[in-house]
Every structure is written in C-alpha cells, then in structure tokens.
Amino acid sequence: GWMPPALASRFTLAEVAVLAVIAAEVAKCESCTLPLDQVAALAGVSRTSVRNALRQAQDLGFVRIEIRRRSAWRNDPNLITITSSEWQA
C-alpha cells in the first residue's frame, strides 16, 4: 500500500484510507492541496475521519500541515506534506 505496515498499524482502516489518498496526491504533486471534502470523498469516509487522521498523523510527526489563511473569513486548502522518512521510503 501507500503506507508501511508499522505506521499503518497506528491508525484505523478509515484513517489509513485517508492517508493513502494524501500519499497518492503527494506522490503526484509533492504536496497535497485537496480540500477535506474531496479527500473524504476519494477515501470513502466522513470529513470527521479526515480531520482525525490528519490530526493524529501530525501529532505523531508523520505529516506537516500548513494552514493557508487568505483573510479572516476565507482560507485556501491546507498544504499537507509528508515528513516521515520511513513513510517516504
């Protein structure tokens, strides 16, 4: 899959699906700028599962999430990059 089994064992099946979508997008473009709703649709999970997976991956140091604010009311999609050397290998 898109993630080593040692890392995938820390996540639920829905969260692994989310991280696989993120990894596929990073493989194409070097970073993921997909909106949360689109990641959820591609992974076949809810938006809450996407947020939980990204929060847990960030807490474990596997990904870096850059929040891109445009104004007080508008944001661009987050910029997600994989920082785990084990995952990138």
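## Core, salt bridges and main pocket of a predicted model

Leaving aside neighbours within four places in sequence, Glu25 is in contact with Glu30, Ser31, Cys32 and Leu34. The model is a predicted one. Glu25 belongs to helix 2, and its relative accessible area of 13% falls under the 20% limit, so the residue counts as buried.

**Salt bridges**

Side chains of opposite charge can pair when their charged atoms come close. In this model the count of salt bridges is 4. One of them joins the side chains of Glu25 and Lys28, at 3.6 Å from N to O. These two residues are 3 residues apart in helix 2, which means that about one helical turn separates them.

Glu66 and Arg64 form another salt bridge, in which the closest N and O atoms are 3.8 Å apart. Glu66 is partly exposed at 32% relative accessibility, and Arg64 is partly exposed at 43%.

| Glu25 | Lys28 | 3.6 Å |

**Nonpolar core**

The largest nonpolar core holds 25 residues, and the members that touch the most others are Ile22, Val63 and Trp87. Two or more residues of this core come from each of helix 1 (5–8), helix 2 (13–29), helix 3 (36–43), helix 4 (47–59), strand 1 (63–69) and strand 2 (75–82). Helix 2 makes the largest contribution to this core, giving 6 residues. Helix 2 is also the element in which Glu25 lies.

What does Trp87 touch, not counting residues up to four places away in sequence? Its contacts are Trp2, Met3, Pro4, Leu7, Leu19, Ala23, Phe62, Val63 and Ile82. One of these, Val63, is itself named with Trp87 and Ile22 among the core members that touch the most others.

**Largest pocket**

Rolling a probe the size of a water molecule over the atoms shows where empty space is left. The largest pocket has a volume of about 150 Å³. Its lining is made up of Leu36, Arg51, Leu54, Arg55, Gln58, Ile65, Ile67 and Asn78. Helix 4 and strand 1 are the elements that give two or more residues to this lining.

Which element supplies the largest share of the lining of the largest pocket? The answer is helix 4, with 4 residues. By type, the lining residues divide into 4 nonpolar, 2 polar and 2 charged.

Conventions. Residues are numbered from 1 along each chain as its sequence is written. This is a predicted model: local features need pLDDT of at least 70, side-chain atom pairs count only at pLDDT 80 or more; totals for chains, interfaces and linings use all residues. Side-chain values use heavy atoms; hydrogens and water are left out. A nonpolar core is a set of buried Ala, Val, Leu, Ile, Met, Phe, Trp, Tyr and Cys residues joined through side-chain atoms within 4.5 Å. Buried means under 20% relative accessible area, exposed over 50%, partly exposed in between (1.4 Å probe, protein chains only). Contact means heavy atoms within 4.5 Å. On a 1 Å grid over the protein atoms alone, a cavity is a set of points where a 1.4 Å probe fits but cannot get out, and a pocket is an open set with protein on both sides within 12 Å along at least five of seven lines; lining residues have an atom within 4 Å of a point. Grid points are joined across faces, edges and corners, and a volume is the space filled by probe spheres set on the points. Ala, Val, Leu, Ile, Met, Phe, Trp, Tyr, Cys and Pro count as nonpolar, Asp, Glu, Lys and Arg as charged, and the others, Gly among them, as polar.
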